[in-house]
Amino acid sequence: MHISDGVAPIPIAVAGALAALPGIAAGLKVLKEEQIPAAALMSAVLFLSTLVIRLPVGPSSVHPLLGGLAGLLLGWVSMPVFLISLFLQALLFQFGGITTLGINTFVMGMPAVMAYYLFNGRMNKARGSGRAFYWGAAAGMSAYLVSFFFWAGSLILCGKQLAAIAAIAFIPNLFVAAIEGIFTGFICSFLVRVYPAIFRMPVSDREGDGR
Amino acid sequence: MSCTTFFSGDTFIHRLDPRPKILVTLAFSLVVALSTNSGVLCAGLAAGIALSAMARIPSAALRKRLLRVNIFTAVLFIMVPATFPGKTAFTVISVQFSMEGILWSVSVTLKANAIVLVFAALVGTTDPFTLGHAFHHLRVPGKLTQLFLFTLRYLDVLHHEYVTLMRAMKARSFKPSMRLHTYRSFAWLTGMLLVRSLERSERILEAMKCRGFRGEFHVVRHFRFSTADAVFSAASFIVLAALLSCALTGAGRLW
C-alpha cells in the first residue's frame, strides 16, 4: 500500500509530509535514549517480517503490513519507525518513493498510533491468550483498514482518475485485512504468553513523559 | 537478502561526498514531481539514464527495480485512459480510451522512472551506513539517525535468526499452505523474533552503557568536500535551475 513516485503532485506530496511531521516529532520526543536499541531492533523485525513472510492465500500470497502490531509495541514511535522502513524500502527495493515518503509514513504510521490508543491498554490488561488474540486481531485489522482508506483517499487526492484503482482494490483488501488481523492476533496471543512485558514499552514512554 | 545491498563500485559518482548527493536527489525529485512539462520530464529521464550509466549500476539490478515501478505504471495505462474524461483516442470493445488519460499516464511513467534512476544513481551508490553519517551532518535529529543506524545494523543479524528458525521449521516438515496452522506458525516465528530482538537489545544497551555511551555517536572521519564535489554540485544546480524554470514557464513543452 504505497503511493509511488510520480503519482503525487507536489502540493499533495508536501501536504503529506507536513501531516506526517508532527507525528514523527512526537514519536522522537517520547522515545527515550535508552529505548533506542529496543525500538530499532523491533522495527528491524517488523521490517523483515513484512518482507520475508508470505502468507499463502489460494495460489498466491500476501505480505503482512503489521501496522497494528507496530502501534501496539511502539506507540507514537511507530511514526519514525515507519519513516525509516519506508526510506529503506525505497533505497533497497524501490517500493514507494522519495517524494511520497511523507504521505506513505502518514498512511502507515497514523493507523498504528490509532491501534496503540485503542488496544495497547487492553493488551496490557489481557489475561490469557484468547483475549490477546481478539484484541490483536482487532488492532491488526482496523489498522490495516484505516491504512487502506488513507491510501485510497490520498490516491484520489492525487488525481480523480485514480479513483477507479482505489475502488477495484477495495474488495481484495478487505480480505487481506482479515488475514492481517488473524496473523496479528496469533502474534499477540503468543507474546502475551511468552513475554507480556513487550507491550509495556509505549506505556513507559508516557509515564516518562509526564515526569 | 543482505540489507547492505547498495550498488558498490568505484566510479566518480561513488566517490562523491554523500551530502550533496542526497540534497541533489531531493531537489531533483521535487522538480520532476512538480513539473507537468513533457520536455522537462524527458530531460529528467535522460539525466537519470546518464547518471546511472556513469555510476555503472549493474543492469540486472536496475532492470528489476524499473520493472517493479513499471508494473504499477502499466496498471495506470490500462485503468486511467479508460476512465479519464477527454477526447477519445481509440475504442476497444466499447471502452473509450481518452487521449488526455494516455498523456497523463505517460507523464507519470516518465516521472517515476526519472526519479528512480536518479535515486539509484546518487543515493543507491552510497552505502547505508555512510548515509546515516551524512544525515548526521545534514542535521537530521540525532535520535532518528540512531534509530536508522541501529535498525540497519541489526537487520542482517535478525535475518540470520529468521533463517535459522525457518530452517528448524522446515526440518520438521513445515510447508506453508492456506491453513490457520501456517498463519499461526508464521506468527509464532515473528513473535519469537520479537522476543529475541528485545532480549538482544537489552544486552546491547548494557554493553553500550559499559562503554560509557551517552546517547551520541561520535563521528571520527568527516567528509571532505572536494573540487569534484563542487563541480558536481554546481553542474546539478545549473541543470536543476534550468529544469525548474522550464517547468514554471512551460518552455520546451513537447506535447
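Q: What radius of gyration would a compact globule of 255 residues have, and what does chain B have?
A: This is a predicted model, so every value here is computed from predicted atoms. A compact globule of 255 residues would have a radius of gyration near 18 Å, but the value for chain B is 24 Å. The C-alpha trace of chain B spans about 65 × 55 × 30 Å along its principal axes.

Q: How does chain A, with 211 residues, stand against a compact globule?
A: For 211 residues the globule rule gives a radius of gyration near 17 Å, and chain A agrees because its own value is 17 Å. The C-alpha atoms of chain A fill a box of roughly 50 × 45 × 30 Å along the principal axes.

Q: How many residues are in the largest nonpolar core, and which have the most contacts inside it?
A: The largest nonpolar core holds 143 residues, and those with the most contacts inside it are A39(A), M42(A), L72(A) and V118(B). Helix α6 of chain A, residues 129–158, gives the most to this core, with 14 residues. As for V118(B), its contacts beyond the neighbours within four places in sequence are T25(B), F28(B), A47(B), G48(B) and L51(B).

Q: What length should helix α1 of chain A span?
A: At 1.5 Å a residue, the 21 residues of α1(A), residues 10–30, should span 30 Å; the end C-alpha atoms are 31 Å apart, which agrees. There is also a kink of about 30° at L21(A), shortly before the proline P22(A).

Q: Which residues of α1(A) are buried?
A: An α-helix has 3.6 residues a turn, so residues three or four places apart point the same way. The buried residues of α1(A) are I12(A), A13(A), G16(A), A20(A), G23(A), I24(A) and G27(A). Their cover includes α4, α5 and α6 of chain A together with α2 of chain B.

Q: How many residues does each chain bring to the contact between them?
A: The size of an interface is often given as the accessible area lost when the parts come together. Here the count is by residue: 61 from chain B and 50 from chain A. On the side of chain B that touches chain A, α2, α4, α5, α7 and α8 of chain B each supply at least two residues. Helix α8(B) gives the most to that side, with 17 residues. The residues of that side divide into 39 nonpolar, 16 polar and six charged.

Q: Is S29(B) buried or exposed?
A: S29(B) counts as buried because it has 25 C-beta neighbours inside 10 Å. S29(B) is found in helix α2 of chain B. Leaving aside neighbours within four places in sequence, S29(B) is in contact with D5(A), I98(A), T99(A) and I115(B).

Terms used:
Residues are numbered from 1 along each chain as its sequence is written. Chains are lettered from A and ligands numbered from 1 in the order in which they are written. This is a predicted model: local features need pLDDT of at least 70, side-chain atom pairs count only at pLDDT 80 or more; totals for chains, interfaces and linings use all residues. The radius of gyration is taken over C-alpha atoms; the globule rule is 2.2 Å times the number of residues to the power 0.38. A nonpolar core is a set of buried Ala, Val, Leu, Ile, Met, Phe, Trp, Tyr and Cys residues joined through C-beta atoms within 7 Å. A residue is buried if 20 or more other C-beta atoms lie within 10 Å of its own, exposed if 12 or fewer, and partly exposed in between; C-beta atoms are placed from the backbone. Helices (H or I, at least four residues) and strands (E, at least two) are DSSP runs, numbered from the N terminus. Two residues are in contact if their C-beta atoms, placed from the backbone, lie within 7 Å. The expected span of a helix is 1.5 Å times one less than its number of residues. The bend at a residue is the angle between axes fitted to the seven residues ending there and the seven starting there. Ala, Val, Leu, Ile, Met, Phe, Trp, Tyr, Cys and Pro count as nonpolar, Asp, Glu, Lys and Arg as charged, and the others, Gly among them, as polar.
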